[in-house]
Amino acid sequence: MKEKARQANIELLRIVAMLMIVMLHYIVKGQAAISLVEKFTMENMMLWFVKALCIVAVNVYVLISGYFLLEAKWKISRLIELST
């Protein structure tokens with residue numbers, strides 16, 4: 001069996017994306033960033049900027065997962081397991 005080489009750079013990117021997603025959940029669900037119309041402060045503007053950066057992390061995480069699943073063997077049992 002051929003051993004696959006670790007791709008540390010992509011794994012690091014996945015870890016950073018996970019942390020950004022956690023940050024995004026904190027900002028959105030914790031209501032840390034209120035409407036800019038309601039309160040236009042530097043702190044609130046920074047939170048909105050960080051939120052905008054963290055939204056990209058969701059797409060990055062999905063792309064990385066798809067990249068690793070590209071070479072995985074496809075099984076009908078996995079599809080059945082997901083649908084139940």
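**Entry 1: the second largest pocket**

I began with the second largest pocket, whose volume comes to about 180 Å³ in what is a predicted model. For pockets I worked on a 1 Å grid over the protein atoms alone, where a pocket is an open set of points with protein on both sides within 12 Å along at least five of seven lines, and lining residues have an atom within 4 Å of a point. A volume is the space filled by probe spheres set on the points, which are joined across faces, edges and corners.

I listed L69, A72, K73, W74, K75, R78, L79 and L82 as the lining of this second largest pocket, and I noted that α3 gives the most to that lining, with three residues. By class the lining has five nonpolar, no polar and three charged residues, where Ala, Val, Leu, Ile, Met, Phe, Trp, Tyr, Cys and Pro count as nonpolar, Asp, Glu, Lys and Arg as charged, and the others, Gly among them, as polar.

**Entry 2: numbering and confidence**

I number residues from 1 along each chain as its sequence is written, and side-chain values use heavy atoms, with hydrogens and water left out. In this predicted model local features need a pLDDT of at least 70 and side-chain atom pairs count only at pLDDT 80 or more, while totals for chains, interfaces and linings use all residues.

I looked up the pLDDT (the predictor's confidence in each residue, from 0 to 100) and found that the chain averages 82, with 90% of the residues scoring at least 70.

**Entry 3: the largest pocket and its contacts**

I then turned to the largest pocket, which holds about 260 Å³ of space and is lined by K4, A5, R6, Q7, E11, Y67, F68 and E71. I sorted this lining into three nonpolar, one polar and four charged residues.

Two of these lining residues, R6 and E11, meet through their side chains in a salt bridge of 2.6 Å, N to O, the rule being a side-chain nitrogen of Lys or Arg within 4 Å of a carboxyl oxygen of Asp or Glu. I count one salt bridge by this rule. R6 is exposed at 69% relative accessible area, whereas E11 is partly exposed at 26% (buried is under 20%, exposed over 50%, partly exposed in between, with a 1.4 Å probe and protein chains only).

I searched the whole structure for aromatic pairs and found one. The ring centres of Y67 and F68 lie 5.5 Å apart with their planes at 65°, so I recorded the pair as edge-to-face (centres within 6.5 Å; planes under 30 degrees apart are stacked, over 60 edge-to-face, the rest tilted).

Methods
1 Å grid on protein atoms, 1.4 Å probe; cavity = no way out; pocket = protein on both sides within 12 Å on 5 of 7 lines; lining within 4 Å. Helix = DSSP H or I, 4+ residues; strand = E, 2+ residues; numbered from the N terminus. Phe/Tyr/Trp six-rings, centres within 6.5 Å; stacked < 30°, edge-to-face > 60°.
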